[in-house]
Amino acid sequence: MKAVEIAKNIYFVGANIRNGDLFEGMWPIPDGVSLNSYIVKGEKTALIDLVRDWDNAPKSLTEQLTSLGISIEQIDYLILNHLEPDHTGWLEEFLKRNPKVTILTTQLGKKMVKSFYKNEENVTVVKDGDTLDLGNNMILTFYSTPNVHWPETMVTFNESSGVLFSCDAFGSYGCVDTPFDDLLDKPTHEFFDRESLRYYANIVASFSPFVEKAIEKLSGLTIKMIAPSHGIIWRKNPQTIIERYLKFASYMNGPAEPEITIIWGSMYGNTEAVLSPLIEGINSERIPVHIHQVPNEDVSYPLTSAYRSAGLVFAMPTYEYRMFPPVAAAIDMFGRKHLKNKKVLRIGSYGWSGGAQKEFDTMTADLDWECIEPVEWAGATDEETNEKVYEQGKKLAQLVKQFCVQS
Ligand SMILES: Cc1cc2nc3c(=O)[nH]c(=O)nc-3n(C[C@H](O)[C@H](O)[C@H](O)COP(=O)(O)O)c2cc1C
Ligand SMILES: [Fe+2]
Ligand SMILES: [Fe+2]
């Protein structure tokens, strides 16, 4: 990563993480992730968001600062929009090198600096609407945006340039080489569009009502550029990513897109065998289908697809009197991530007395899912079962259509 001036006296710095680790210890990031920080220079210098000691990120950050002629010791203010360790993990070492820095964060952020990094003396609390004058007409304003993604979260805004430093909000997975959306080629742009949804579904979705509140709160600002702490900078038309975020947030309570996601798992192919009539039934209503097999695919991907789909199908056999465990694990994750208000079908094979359906009903009882009549059959499928599955696929697609048109 190279330091880039994004507006007069404002620089993008940070690190790309490409070491194959999982994000938050669980989400696959095959194309890495960036930890973006920003330097804002007036007479004084501020650094917005830090990095974690992860895949040489501190070295990368320090080198970029050096390229700008700034050493760690010369930073007057460290603004911590969010205390999650991906943006703060290197704080103890930073403080050793620069014990005089003033850390600016929210009241709750101050508590977390103490609990995570055992420091109190460097911290100054900022309240909603407080400003920091760096001199030379460079003023930063802070707005608290609780629960996007942790309760202490805030964003930082520079009115004269219109740059909003939004930390996790509007972020994306993926390493960043060219930080600006308008300089990306089409495939790279599409990659970030996809990965911003996956990031949202994995990390932010649970907090959707707070995303809506934060966007409403910031709606009076003239935002010309959104500079998040993961992924690319949105400057061509920042309103586009704001509107996409509002759309993502609206998926939580539904209806999401008029699409159906099939999550399936099968040991010996008896359940897999009905996927064809199922898909035909759905396609007969011209509803797009997304298919995800578990555990072959990490749950991050079916979760993303399911989050944006108004309809879901779970296809799995009975296993030890309960659901096939990889599909049960996916459903458990969907519940944790508050995937509500979906139209749902469950189908699957069993050997003798079944049991998957009973567990499915119990597990999904609190999710506000409208489940249509399931299809279950003993052993291998036959024409009658295929026909039933086709009909239920069609019915689900019709229901999804109605649901999405009505609302
Ligand atoms: C390890 C294992 C556990 C199973 N447990 C049950 C069970 O508790 N109840 C039941 O009715 N069938 C059970 N079955 C039978 C399967 O549900 C049946 O073979 C089904 O057709 C498998 O579907 P699949 O080919 O899609 O994997 C079990 C099968 C296996 C291999
Ligand atoms: Fe976060
Ligand atoms: Fe983050």
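**Figure 1. Gly 32, a buried glycine in a loop.** Gly 32 counts as buried because its relative accessible area is 5%, where buried means under 20%, exposed over 50%, and partly exposed in between, with a 1.4 Å probe and protein chains only. This loop runs between strand E2 (10-17) and strand E3 (33-41); helices (H or I, at least four residues) and strands (E, at least two) are DSSP runs, numbered from the N terminus. Setting aside residues up to four places away in sequence, Gly 32 touches Ile 17, Tyr 173, Gly 174 and Cys 175, a contact being heavy atoms within 4.5 Å. Gly 32 and Asp 361 are 329 residues apart in sequence, and their C-alpha atoms are 37 Å apart in space.

A word on the model before the next views. This is a predicted model, in which local features need pLDDT of at least 70 and side-chain atom pairs count only at pLDDT 80 or more, while totals for chains, interfaces and linings use all residues. Residues are numbered from 1 along each chain as its sequence is written, chains are lettered from A and ligands numbered from 1 in the order in which they are written, and side-chain values use heavy atoms, with hydrogens and water left out.

**Figure 2. Gly 109 in helix H4.** Helix H4 spans residues 107-117 and holds Gly 109. With a relative accessible area of 0%, Gly 109 is buried. Its contacts, not counting residues up to four places away in sequence, are Leu 83 and Glu 152. Between the C-alpha atoms of Gly 109 and Ala 3, which are 106 residues apart along the chain, you will find 27 Å.

Figure 3. A relative accessible area of 0% makes Ile 262 buried. Leaving aside neighbours within four places in sequence, the contacts of Ile 262 include Leu 275, Leu 278, Ile 279 and Ile 282. Val 289, His 290, Ile 291, His 292 and Val 313 are also in contact with Ile 262. For Ile 279, 17 residues away along the chain, the C-alpha separation from Ile 262 is 9.0 Å.

**Figure 4. Ser 305 in helix H9.** Ser 305 sits in helix H9, residues 300-308. Is Ser 305 buried or exposed? Ser 305 is buried, at a relative accessible area of 9%. Outside the four places on either side in sequence, Ser 305 is in contact with Thr 261, His 290 and His 292. His 290 and His 292 are also among the contacts of Ile 262 in the previous figure.

**Figure 5. Two cis peptide bonds.** Most residues other than glycine have a negative phi, and most peptide bonds are trans. The bond from Gly 254 to Pro 255 is cis, with omega near -10°. Look for Pro 295 in the loop between strand E14 (289-293) and H9.

Figure 6. Asn 56 is not a glycine, yet its phi is near 65°. The loop between strand E4 (45-48) and helix H1 (57-67) contains Asn 56, and this residue is exposed, with a relative accessible area of 54%. Glu 320 likewise has a positive phi, about 45°. Glu 320 lies in the loop between strand E16 (318-319) and strand E17 (322-323). Its relative accessible area of 61% makes Glu 320 exposed.

**Figure 7. Where domain 1 and domain 2 touch.** The domain assignment gives domain 1 (4-251) and domain 2 (257-406), with bounds that come from an automatic or database domain assignment. How many residues of domain 1 are in contact with domain 2? There are 16 residues of domain 1 in contact with 14 residues of domain 2. Taken over C-alpha atoms, the domain centres are separated by 38 Å. Around this view, the chain as a whole has 12 helices and 20 strands. Of its 407 residues, 56% count as buried. Among contacts between residues at least 6 apart in sequence, 73% join residues at least 24 apart.
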